[in-house]
Amino acid sequence: MAVRGREARGGGPRGRRRAAGLLLAALLTASACTAPADPDTFLTTGALDATLERRAAAVLAHDPAGYLDGLAPDAAKLRAVQRTELDRLADVPLKSWTYDVKDITEQDGQWATADVELRYRIAGYDTAPVATRRVLELMRDGERWYITEDRPAKGSSGQLWQQGDVEVVEGEHSIVLGVGRSEDELRQVADTVDLAVPAVSDAWPRPWNRRVVVLVPDSVEDMAGLLGSPEASYRGIAAVTTGEVGGTGKRPAIADRVIVNPQAYATLGSFGQRIVLTHETTHVATRTSTSTATPVWLSEGFADWTAYRGEDRAADTIAPELAEAVRSGRTPAELPADPDFGFDGDPAKLAAAYEGGWLACELIAERWGKEKLIAFYEAVGAHDGRDGAVEQALDAVLDTSPEQFTADWRDYLATRLG
């Protein structure tokens, strides 16, 4: 604008020549300031892939020199940390370890930042990989790029081997990886899971891997780190199962992990520990039939139904919070909603939600039969979304409506708990 203004005021050819000169100078200066760096100095996805492929091969071969080769030579702290992490993986039977470069987010020719996904599988257990996002910082030295930092991406969870030396115990149907736990303790967990797997297979006679991976960290703080969540959410929770559900219930299983809270788990007797691990194993077994369409009352209720199935325990012993509510005239009006299962809420409300889901599945199994309960679970999970999933399955499988089923459930609570 300023150049054109001068040209307009200058009038004759001299003014126009001066304006043209100023414009040319400005363009040349701008061009010099914004000229791109030599593209040959940029980190490419292909070059990073090659570096990470060598790094992955070194993990599987347990080759420290190869694993550290991609790290900056003067990054002493990073090299020491990653050498220690590699040593901790020595007893973990890895089937695969790969990196997938998602994006190179920043670079200027000498420095770069990349978003990658680490995927790994445990031999004999994982039918698909565990996936976790990482951020790599890299620098160029001569013709090579070196990793200067390797950290979890925002919102990603940590890995067990980053917390300490990993002890590995294998059972008939299980592998238990622990940090800071004795071999005897891990063996007891493996034995309990080995009892759970046949019980779950009897309740859920559908194809599943029948192999369970259990992680036992050193503390509830470390458990929260593996889950990428606040510690307070899990203080009273004995175990949780991680995994990815599909949108239609037809996707292959995605590397489930049962993660034990060692403090809470240790307070349970053998009965409670068996119930907890059978419940969590049920989540592993039903994963391919569980989807975003499945309400939490059904997934958690079915897992509790499986765990308590065949146990000689009175209903009010299993469901004390709900029994108190029913006896005091506070029978719930509706089945538990998803938010009722939040770990960071009222523990009594959480317990009542689990109990309500369990008794809903008990009602279906008692009135319609085990096969109908399984068919109902599958029908809900196979729906293409949450809206209408339960309603359509109630109609198609159980020949009832949501209103009638809720009324039947409330009557069932009064019968079993009143």
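1. The largest cavity has a volume of about 90 Å³. A cavity here is a set of points, on a 1 Å grid over the protein atoms alone, where a 1.4 Å probe fits but cannot get out; the volume is the space filled by probe spheres set on the points. The structure holds 2 cavities of 30 Å³ or more.

2. Before going on, please keep in mind that this is a predicted model, in which local features need pLDDT of at least 70 and side-chain atom pairs count only at pLDDT 80 or more, while totals for chains, interfaces and linings use all residues. Residues are numbered from 1 along each chain as its sequence is written, and side-chain values use heavy atoms, with hydrogens and water left out.

3. Who lines the largest cavity? Helix H5 (76–88) and strand S1 (94–107) each supply at least two of the lining residues; helices (at least four residues) and strands (at least two) are DSSP runs. By class, this lining has 5 nonpolar, 3 polar and 4 charged residues.

4. The largest pocket holds about 1,400 Å³ of space. A pocket is an open set of points with protein on both sides within 12 Å along at least five of seven lines. Its lining counts 48 residues, and His279, Glu280, Glu300, Phe343 and Tyr354 are the closest to the centre. Helix H9 gives the most to this lining, with 7 residues, and the lining as a whole has 23 nonpolar, 16 polar and 9 charged residues.

5. H9 (residues 270–285) also packs on H10 (residues 296–308), at an angle of about 135° and with the axes 8 Å apart. The contact (heavy atoms within 4.5 Å) includes His279 of H9 and Glu300 of H10. Its residues divide into 6 nonpolar, 6 polar and 2 charged.

6. The second largest pocket has about 610 Å³ of space. Of its 33 lining residues, Val130, Ser157, Leu226, Thr242 and Arg257 lie nearest the centre. Strand S3 (130–141) is one of the elements that supply at least two residues, and the largest share, 4 residues, comes from S3. By class, this lining has 20 nonpolar, 10 polar and 3 charged residues.

Note on methods: Axes fitted to C-alpha atoms, helices over the stretch in contact; angles between N-to-C directions. Nonpolar A, V, L, I, M, F, W, Y, C, P; charged D, E, K, R; others polar. 1 Å grid on protein atoms, 1.4 Å probe; cavity = no way out; pocket = protein on both sides within 12 Å on 5 of 7 lines; lining within 4 Å.
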